[in-house]
Amino acid sequence: MQTHNNWCNVLLTDSGFYYDGELDKPLDLLINSFKAMLQKPFAETSVLFIPTASMQNELKAIKITNRLKNELLAIGISSDNITVHDIDGSLSEENAMKFDVIYFTGGKTPYLAQRVFETGFDKIIKKMIFANKVYIGMSAGSMLLMSNFNVDDPNNPKFNGLGVIEAYGSAHCDDNIQIRTDLPLPHIALRENQALKLSWNGYELLDGNLQYLG
């Protein structure tokens, strides 16, 4: 049985599994890391797909949901095995634990965090992670696991995440970003096509850009 001290199946992407979102440009480093976390083929993998972060804007929600679902289909996950859930308190811990993967899309991180904490879904997320279910995040879904996701207002509890990784996070950063060194925890800045591979004892930065630019 997995404990809090040996979880290892968390992958936090900045922008998904495909370079520039184009399905003919897979980011093999990120996809293969995802594959290695699973105990079964992609075709047999069940995904709990959470688009909540984007749901304040209907058009954005449709666009990002379709894009990221199409990425999962392109990887080899069956559409029949993708269950979309907008966090509303109706999903029980027992039913959540039946899924192999929980995938959080991008959108508004403060809104996502608010919904997660208000419904108690943070407890389900942590239980899934500590049981070594696979957690995949994209943008807001990645920042959710940070201690704080707004380095410009780091003391505002509105921007507190789940603290699965004890760090301050920024997403969609350019090469000129100034890493904050005046904060009590490390500042991690993700760039497009990058990801963090997390485990109980640390993290590794995966740079999918090298596949195309290196």
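The lining of the largest pocket splits by class into seven nonpolar, seven polar and two charged residues. This is a predicted model, so please take everything I say as computed. The pocket itself holds about 250 Å³ of space. Sixteen is the total for the lining, and Thr109, Met143, Phe149, Ser170 and Ala171 are the ones closest to the centre, out of those 16 residues.

Where does the lining come from? Helix H4, residues 109-119, helix H6, residues 140-143, and strand S7, residues 165-173, each give at least two residues. S7 has the largest share, with five residues.

Staying with S7, let me turn to its sheet. S7 sits in an open sheet of three strands, in the order S6-S7-S8, and the pairing is parallel. The edges are strand S6, at 146-148, and strand S8, at 187-191; each has a single partner strand, so one side of each lacks a neighbour in the sheet. On average, neighbouring strands here are turned by 60° against each other, ignoring direction. Between S7 and S8 there are four bridges, in the parallel sense. In one of the pairings, Cys173 stands opposite Arg191 in S8.

Back to H4, the helix that also contributes to the pocket lining. How do H4 and H5 pack? Their angle is about 95° and their axes are 5 Å apart. The two helices are therefore roughly perpendicular to each other. On the H4 side the contact involves Val116, Phe117 and Thr119, and these meet Phe121, Asp122 and Ile125 in H5. By class, that contact has four nonpolar residues, one polar and one charged.

H5 takes us to the other sheet. Helix H5, residues 121-130, lies across S1, S2, S4 and S5, and runs at about 130° to S4. Those strands belong to an open sheet of seven, ordered S3-S2-S4-S5-S1-S9-S10, with mixed pairing. Which strands stand at the edges? They are strand S3, at 82-84, and strand S10, at 202-207; each has a single partner strand, so one side of each is left without a neighbour in the sheet. From one strand to the next, the twist averages 20°.

Helix H1, residues 28-37, touches strand S1 (10-13), strand S4 (101-104), strand S5 (134-138), strand S9 (194-199) and S10. The direction of H1 makes about 160° with that of S1.

Last, the S3 end of the sheet. Strand S2, residues 47-50, runs parallel to S3, and three bridges join them. Val47 has Ile82 in S3 as its bridge partner.

To recap: the pocket lining draws its largest share from S7, S7 is paired with S8 over four bridges, and H4, another source of lining residues, packs against H5 at about 95°. H5 in turn lies across S1, S2, S4 and S5. That is what I have.

Terms used: Residues are numbered from 1 along each chain as its sequence is written. This is a predicted model: local features need pLDDT of at least 70, side-chain atom pairs count only at pLDDT 80 or more; totals for chains, interfaces and linings use all residues. Side-chain values use heavy atoms; hydrogens and water are left out. Two strands pair if DSSP finds at least two bridges between them. Axes are lines fitted to C-alpha atoms, for helices over the stretch in contact, and angles run from 0 to 180 degrees between N-to-C directions. Contact means heavy atoms within 4.5 Å. On a 1 Å grid over the protein atoms alone, a cavity is a set of points where a 1.4 Å probe fits but cannot get out, and a pocket is an open set with protein on both sides within 12 Å along at least five of seven lines; lining residues have an atom within 4 Å of a point. Grid points are joined across faces, edges and corners, and a volume is the space filled by probe spheres set on the points. Ala, Val, Leu, Ile, Met, Phe, Trp, Tyr, Cys and Pro count as nonpolar, Asp, Glu, Lys and Arg as charged, and the others, Gly among them, as polar. Angles under 35 degrees count as roughly parallel, over 145 as roughly antiparallel, 65 to 115 as roughly perpendicular and the rest as oblique.
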